Amino acid sequence: MLTAATIARVVGAALEEDAPWGDLTSTTLLPADATATADLVARESGVFSGGEVFSAAFALTDPSLVVDVHVGDGDAFAPGDVLASVSGSARSILTAERIALNFTQRMSGIATLTAAYVRAIEGTSARIADTRKTTPGLRAFERHAVVSGGGHNHRYSLSDAVMAKDNHLAVLQRSGADLATALREAFAQLPHTTHVVVEVDRLDQIPAVLDGGAHTVLLDNFSLDDLRAGVALIGDRAQAEASGGVNLDTVAGIAATGVDVISVGALTHSARALDLGLDVRID
């Protein structure tokens, strides 16, 4: 969840990194009393995300700056649209410019890519979800951007759900443990609200996962035929989630197999930053 405290902490650290002892260019070149108004302008189409983060970059630099965000997170925009404006001290605006843009370009890029995946599976019952393949320290920002694009968040961290993946299962197998039994023993230790997901890469692994009571069976790198077979085998005993090999060319076919969730690491690890610019207005 993107909170004010998280925004202040992350944006504050970015500003400190970018201007640890001030902005030499702005403070030596520009008059102290110079003022300006600058507009955040879209150079390409996209879906916006990061309005609060954009505002915070300026507010933390200089609380006297006035920021107006003209669009909401999740709103679509076209080239030339003015998405936000900031006015006040020219020195302060230019000091915060790069950090404000970096975050907003990144978040809007993720939102735009997510929206493309969501559009690709319209008419199916599947939902698009992110993964933990996020930039360290920026997970809250990037996951907020996924929601802005119409996607859904998976577990936020290792502390939020049980998710047994291939390496966990390999360790269990090496120790001689039975998967269904191990799952039932895990449930005995967990709060009743904890969600349990188990990843499989073969159809013959599914019965043990269901017998163990998992809430979601993650079908990893399955062919379309095997996804359909997996969905039929799971039935209404658990959610069926697909992952692996998901891109904009394959996602519609995956959704058509009847899976409930499609998790896509590319939403956060491969989204490009959108081309947005901060243009000083010349009156």
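This is a predicted model: local features need pLDDT of at least 70, side-chain atom pairs count only at pLDDT 80 or more; totals for chains, interfaces and linings use all residues.

Me: Great. How many helices and strands does the protein have?
Reply: There are 11 helices and 12 strands. Helices (H or I, at least four residues) and strands (E, at least two) are DSSP runs, numbered from the N terminus. The C-alpha trace spans about 70 × 40 × 25 Å along its principal axes.

Me: And what percentage of the residues count as buried?
Reply: Of the 283 residues, 46% count as buried. Buried means under 20% relative accessible area, exposed means over 50%, and partly exposed is in between (1.4 Å probe, protein chains only).

Me: On to the sheets. What is the strand order in the open sheet of four strands?
Reply: That one runs β3-β5-β1-β12, with antiparallel pairing. Two strands pair if DSSP finds at least two bridges between them. β3 (66–69) and β12 (276–280) are at the edges with a single partner strand each, so one side of each has no neighbour in the sheet. From one strand to the next, the twist averages 15°.

Me: How many bridges join β1 to β5?
Reply: Seven, between residues 35–42 of β1 and residues 82–89 of β5. Valine 41 is found opposite valine 82 in β5.

Me: Which helix lies across β1, β3, β5 and β12?
Reply: That's α3 (residues 51–61), running at about 170° to β3. Axes here are lines fitted to C-alpha atoms, for helices over the stretch in contact, and angles run from 0 to 180 degrees between N-to-C directions. Contact means heavy atoms within 4.5 Å.

Me: What about the open sheet of six strands: parallel or antiparallel pairing?
Reply: Parallel, in the order β6-β11-β10-β9-β8-β7. Its edge strands, β6 (127–129) and β7 (162–164), each pair on one side only. Here the twist averages 25° from one strand to the next. β7 pairs with β8 (residues 196–200) over three bridges, and valine 162 sits opposite valine 196 in β8.

Me: Switching topic: which residues of α1 are buried?
Reply: In helix α1 (residues 4–18), they are Thr6, Ile7, Val10, Val11, Ala14 and Leu15. They are on the same side of α1, because they cover an arc of only 150° around the axis. The arc is that of the directions from the helix axis to the C-beta atoms. Their cover includes α3, α4 (90–120) and α5 (139–148).

Me: And what is exposed on the other side of α1?
Reply: Ala5, Arg9 and Glu16 are. Arginine 9 has a relative accessible area of 55%.

Me: Last one: which residues have the most contacts inside the largest nonpolar core?
Reply: Phe141 and Ile262, in a core of 72 residues. A nonpolar core is a set of buried Ala, Val, Leu, Ile, Met, Phe, Trp, Tyr and Cys residues joined through side-chain atoms within 4.5 Å. The largest share, 10 residues, comes from α4. Leaving aside neighbours within four places in sequence, the contacts of phenylalanine 141 include Thr6, Ile7, Val10 and Val11, along with Phe103 and Met107.

Terms used. Residues are numbered from 1 along each chain as its sequence is written. Side-chain values use heavy atoms; hydrogens and water are left out. The expected span of a helix is 1.5 Å times one less than its number of residues.
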